[in-house]
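Let's take a friendly walk through some helix packing and ring contacts. Keep the viewer open as you read.

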Amino acid sequence: MSTHQEQAEAAAAAREARLLRNAEATTGTAASALVPSIPFTYTLPDTLRIWPWDRKISPYYRECQADSVAWLEGFKPYSPRAQIAFNKCDFSLVSALCFPESSKFVLRSCCDLMHTFFTLDEFTDPLDVEGVKTLCYATMDAIENPDKPRPEGENMIGEIARQFWQRARKAAPPPCEERFVNAWRSYIASVILQAERRDHSYICNIDEYMVSRRDNIGSDPSFALLEMSLGINLPHEVMEHPTIVALARDTTDMIVLANDMCSYKKEALTNDADYNAVTVVMYNEKTDVAGGIQWISDIHDDIVDNFLRLRQDVIHKTNGFPSWGEEIDRQVELYVDGLGMWIRGHDEWNFGSGRYFGDEGLEVQKTRQVHVHY
């Protein structure tokens, strides 16, 4: 057996073990990996208690889910058992909740994007930094050259990325397509940086973590598909206005912080919580889990207030926010409304999928209590 084949088989085994371990961790029973400071029960704050967007889901959810899952399974990225664990996370649901106004064509692309994101995540997590670079660069080349056949012997993630973008870009106006490609470049750079820090067991300070995580969470590529889902075509001049940039950044930060509070239990149980805001805050602020979550909740509240204030500037053209004419203004307001829907949709997915809480998600959403069984 060649060294390359041995490495590929070892990586596949590590992926399967991680998927199955993560699935077990959502039940809170993997006590051997529990970090000592995690409490038996902790409370998740209701960070969206004043959020003006309500839950909405695409009518194309089930159809696009079936098509996208079948597409991914066609690559046979996981064993049957691991594929079941992967599918339980329901990455199509986050698309249906975050892009509820999308056409069926674009929603399918959104589902494919989520499957591409999370497959790359599963493939790179067991690898050292050089292995991570190889896979990330393959996806970047595929995104930049979606009509070019992938080289023989390359990891399947290159072809997954190529097929996703070759199809999705058909609905992207040129500025949006350019933004997506640039966003993907930043995204893979952050995945590589995360691998470097993981190799050295490095816990960031809070500012370092947020700067890196803004790219690593994958929101900017997703926001390009948000444009596509809304059928808008905004020039770079508009998207680069400081208020629009700040609204997108606030959206990203809320996604990061909510994601990390919800994922902390699963990651702690699998000894994989070093790259999580709760751990970063605990380490840097010398506090416990409850203190870390409260610190994050307070910051999240400030971001909510800032987002809603900036949204008023967009609507009323105050504090220097300009008008670009009736049609562009209409599209800008649609985009900002879409960002608001993204926050609600992502929060609903945190509890509605099996990703973080298994079958207990809706109960956790109702009670806000997270139980860890020792």
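## Charges over rings

A charge sits over a ring if NZ of Lys or CZ of Arg is within 6 Å of the ring centre and within 35 degrees of the ring normal. Keep in mind that the model you are looking at is predicted. With that rule in hand, turn to Lys-286: its charged end sits over the ring of Tyr-283, 5.7 Å from the ring centre.

## Aromatic pairs

How many aromatic pairs does a search of the whole structure find? The search finds 24. Take Trp-51 and Trp-53: their ring centres are 5.0 Å apart and their planes meet at 40°, so this pair counts as tilted. Both of these tryptophans are buried.

Phe-91 and Phe-118 make a stacked pair, with 3.9 Å from centre to centre and 15° between the planes. Phe-91 belongs to helix H4 (residues 91-98) and Phe-118 to helix H5 (residues 104-124), so the pair ties together parts that lie 27 residues apart in sequence.

## Helix H9 and its neighbours

Helix H9 spans residues 206-216, and its buried residues are Ile-206, Tyr-209, Met-210, Ser-212, Arg-213 and Asn-216. Which helices do the buried residues of H9 pack against? They pack against H8 (174-199), H12 (242-269), H13 (277-285) and H14 (289-316).

The two ends of H9 are worth a look as well. At its start, a side-chain oxygen of Asn-205 comes to within 3.1 Å of the backbone nitrogen of Asp-207. Just after H9, Gly-218 adopts a positive phi of about 85°.

## Where H13 crosses H14

Two of those neighbours, H13 and H14, have axes that come within 8 Å and cross at roughly 105°. That makes H13 roughly perpendicular to H14, because angles of 65 to 115 degrees count as such. On the H13 side, the contact involves Ala-277, Val-278, Val-281, Met-282 and Glu-285. These meet Val-289, Gly-292, Ile-293, Trp-295 and Ile-296 of H14.

Key
Residues are numbered from 1 along each chain as its sequence is written. This is a predicted model: local features need pLDDT of at least 70, side-chain atom pairs count only at pLDDT 80 or more; totals for chains, interfaces and linings use all residues. Side-chain values use heavy atoms; hydrogens and water are left out. Buried means under 20% relative accessible area, exposed over 50%, partly exposed in between (1.4 Å probe, protein chains only). Helices (H or I, at least four residues) and strands (E, at least two) are DSSP runs, numbered from the N terminus. Contact means heavy atoms within 4.5 Å. A polar contact is a pair of N or O atoms within 3.5 Å; within protein, one must be able to donate a hydrogen and the other to accept it, and residues adjacent in sequence count only if both atoms are side-chain atoms. Rings of Phe, Tyr and Trp (its six-membered ring) pair if their centres lie within 6.5 Å; planes under 30 degrees apart count as stacked, over 60 as edge-to-face and the rest as tilted. Axes are lines fitted to C-alpha atoms, for helices over the stretch in contact, and angles run from 0 to 180 degrees between N-to-C directions. Angles under 35 degrees count as roughly parallel, over 145 as roughly antiparallel, 65 to 115 as roughly perpendicular and the rest as oblique.
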